[in-house]
Structures are given as structure tokens and as C-alpha cells.
Amino acid sequence: MNPLIELQDMTRRFLLPQGELTVLDQVSFTAYEGEFIAIVGPSGAGKSTLLRIMNGLLPPSSGKILYQGKPQRGINYETAMVFQNFGLLPWLTVAQNVELGLEARTKDAALRMKTVSHYINKVGLEGYEEAYPRELSGGMKQRVGLARALAVEPAILLMDEPFSSLDVLTSINLRNELIDIWNDRDNVVNTMVMVTHNIEEAIELADRVLVLSSRPGRIAGDLRIDLPRPRQKRDRAFLEYVDRVFSLLA
Amino acid sequence: MTTASSSLPEIGISQILGLLELLQGKGGREDIYKLAGELSMELGETLSVIKAAELLSLVHTPGGDVVVEDFGTRVLEASIPERKELLATKIGELPVFKSVREFLDSKDDGEVTREEVLDKLAELIPNEDAESSFTALVNWGRYAEIFGYNDDTQTFYRP
């Protein structure tokens, strides 16, 4: 597998009125092409900060980030983000929200509309093009968030607690559909990095689970999840992975 | 439950699919009471999701259990766009959606107002508050592409 993003001894500090706060400390790992990585850790472990550094929204305080072997500087347009609270603009329709990320990439309006329509179809949202976010259920809002991220055809999808604002049944459905999207060779993206505080969710979805310790966040474990999909939470092997992650967090 | 006067539960399509996927992981059958406990959902809320799935012929409910129907299995095995097509056909067969679509088709300009649809719902589901079925009508109707709805002008239109 080819390395896509490599973090080498990456540390991130924030300057607060009461002094300097180290949120991430000497974090090193490599995300390989085609992998589904879940990052778990307690609140305040720096999980969301880590995603924003991978996306280039935040620079590291020290250490290196390489993208396809070259130093990453500024925003990495080969990544796209999916947010916990969807990040939709309420005054725009579904189609306009999906189109948003494309406007900076192409001036060709017809091509943009074709792409929007393609990804709206991919996530099962046709018929909702003219709807506003206020009219949508949480599940449909997150489908818009997914379609918007997929529409820019990123190499890596970065997801920050994408299911934690959803009710339990909707999150079951979207987790399954995310795996379908990941497996769909028709989609450009084939590498996913998801932050979650839900250990079962991480083991259900990911090839690898990175465990972050509490602040400052350090890599406390890097587990390969060697289970066939779809994974059943009641299986003994699944529960053993849950125990291993818990013991790394403890 | 599938009669002309059935109200529409305010349940999203994703929740219905989530229920099916959960049941699939349990061999296609589960006790309703146990399911509600496992999901940490109110029994009434769980029943609303099951009712919605039953309206779409995805499950049936013999003796306190919920069981995935063959049609539910077909939906589970389909891709995201194929699922949409299968469910759209079933939604289109529900009397309330047929009536609203016929109402739209009867108009020369192919448009009706929100108020007109609420009046229609009051006729179709006389014992229920029409407003309570309105959100589900719009959501399911959009999903199945039976009609479009513009919230700015509060009008329904043929897609």
C-alpha cells in the first residue's frame, strides 16, 4: 500500500491566557491509500485538532506532515471533511450546499451541476435538491454533508464524529452506507479517517484503530482490526477488540 | 395497518433502513420489547419506526416480534440508488401519496399549495391532525420523487 499522509513527531500547542497548552504530543503515524482508519480517544485528546491538522486548516507547532512523500503546506485540497453537526449553510438548498466546495475548483457551471447531481444520486438524495437543511432529518442532513465532501472527489475523506448527532437507527444506517460508499470503486475516494469517541463504531468500521491518550494526545495504540465485514458486535472476536481498546485508553 | 386512512408516522427513511439493518444482524427477527430496550428508545418511538417499516411492507409483526419480509431483504441487498427505487415504488402505492399525486395531476399548472394539501390530508386521514402527517408526506414524497415541494413558495409540484 502507498503511504498517503505521514505525520512525524507532530506536536500542536495552543497559547491560552493561562499559558501554553499542549493538545497533541509527538504524534506519528501513516495513513495508507485504501485504508479506513478510526481515531478514538477521550474528550480533549485532540482528535478533532488532529483531523484539522491533516486537512491543513491548522499548522502543527512542530514535527512534519508529508502528503504523498512531500511536505504538506496550507490546506490540502486532496482531503474533504465531514462534520458532526453537518456544517450546512441554512440559507442554501441541498444542491447549493453540495455545490459549495466545487465553486473554487471549476468555473464550468454545467460541469458543477453534473457533479452535484452524480453525488446526490450516490447518497440517495434525489428529490431533495430544492430542500433547505431545516426541512431535513439528521440522517438526510448528514447525507448532504457526505455528498458535499464526495463531490470534490478527494483522495481522503476526514470525518469528525460523523454519526454522533444522529439517533441510534439512523447512525446504524449511515455507517452501513458509508462502507458501501468506501467499497464503491466508482468513487474517487478510497481512504477514510474517522474520529470517534465510540469504540464499537471504530471497530465496526475501521481497518485500523489509533488510540489517543488523554491530553496531551499521544498514540497509545495502533490496532489492526482483522475481522470480516459486516461485523457483528456480539461476536467474541469483536468484543475482544473492544476490550483491547478500552485497556489502551485506561 | 395499510389502509386508506393510515396516518404517516414522522419517521425518516434512514431510521427505517437502520431498523432493517439491525434486524438483519439478528437473523431477521427480534422481540419488539427487547428491541426497544436495546436501542434505549421509548417503546412508542420504536413502535412508530416499526409501523413505518410495516407500511412499506418491509417487516411484519407476528405475536410481539418484528420480522423482516422478503421485500425488506431485497431492499437490504440493494445498492443505495436501487434501495431508493424499490422504496419509491412502495411509497407510490400508498393511498395518501396516490391521492396527492392525482390531485397534482388534476391541476393544469401541476402545482398545489400547502394549504390545499393539508385540506386533502384532513379528508384522507380524518381522525388525525393533518399537520402531524405533513412532514412525513413531504419527506417520503421527495425521497420517492412523487412530487417536489418548494418551502419558499409553499407549493407542491410535479417533479
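The close-ups below come from a predicted model.

**View 1. A:Gln26, a positive phi inside a strand**. Welcome to strand β2 of chain A, residues 19-32, where A:Gln26 is found. Its phi is positive, about 55°, although A:Gln26 is not a glycine. Because A:Gln26 has 16 C-beta neighbours inside 10 Å, it counts as partly exposed.

**View 2. A:Gln68, a positive phi in a loop**. Here we look at the loop between β4 (62-67) and β5 (70-71) of chain A, which holds A:Gln68. Phi of this residue, which is not a glycine, is near 50°. With 13 other C-beta atoms within 10 Å, A:Gln68 is partly exposed. As background for this view, most residues other than glycine have a negative phi.

View 3. A:Pro216 sits in the loop between β9 (208-212) and β10 (219-224) of chain A.

View 4. Look for A:Pro230 in the loop between β10 and α7 (236-249) of chain A.

**View 5. Where chain A touches chain B**. Contacts here involve 25 residues of chain A and 25 residues of chain B. On the chain A side, α3 (109-122), α4 (138-151) and α5 (168-183) each supply at least two residues. The most come from α5(A), with nine residues. By type, this side of chain A divides into nine nonpolar, nine polar and seven charged residues.

How values were computed. Residues are numbered from 1 along each chain as its sequence is written. Chains are lettered from A and ligands numbered from 1 in the order in which they are written. This is a predicted model: local features need pLDDT of at least 70, side-chain atom pairs count only at pLDDT 80 or more; totals for chains, interfaces and linings use all residues. Two residues are in contact if their C-beta atoms, placed from the backbone, lie within 7 Å. Helices (H or I, at least four residues) and strands (E, at least two) are DSSP runs, numbered from the N terminus. Ala, Val, Leu, Ile, Met, Phe, Trp, Tyr, Cys and Pro count as nonpolar, Asp, Glu, Lys and Arg as charged, and the others, Gly among them, as polar. A residue is buried if 20 or more other C-beta atoms lie within 10 Å of its own, exposed if 12 or fewer, and partly exposed in between; C-beta atoms are placed from the backbone.
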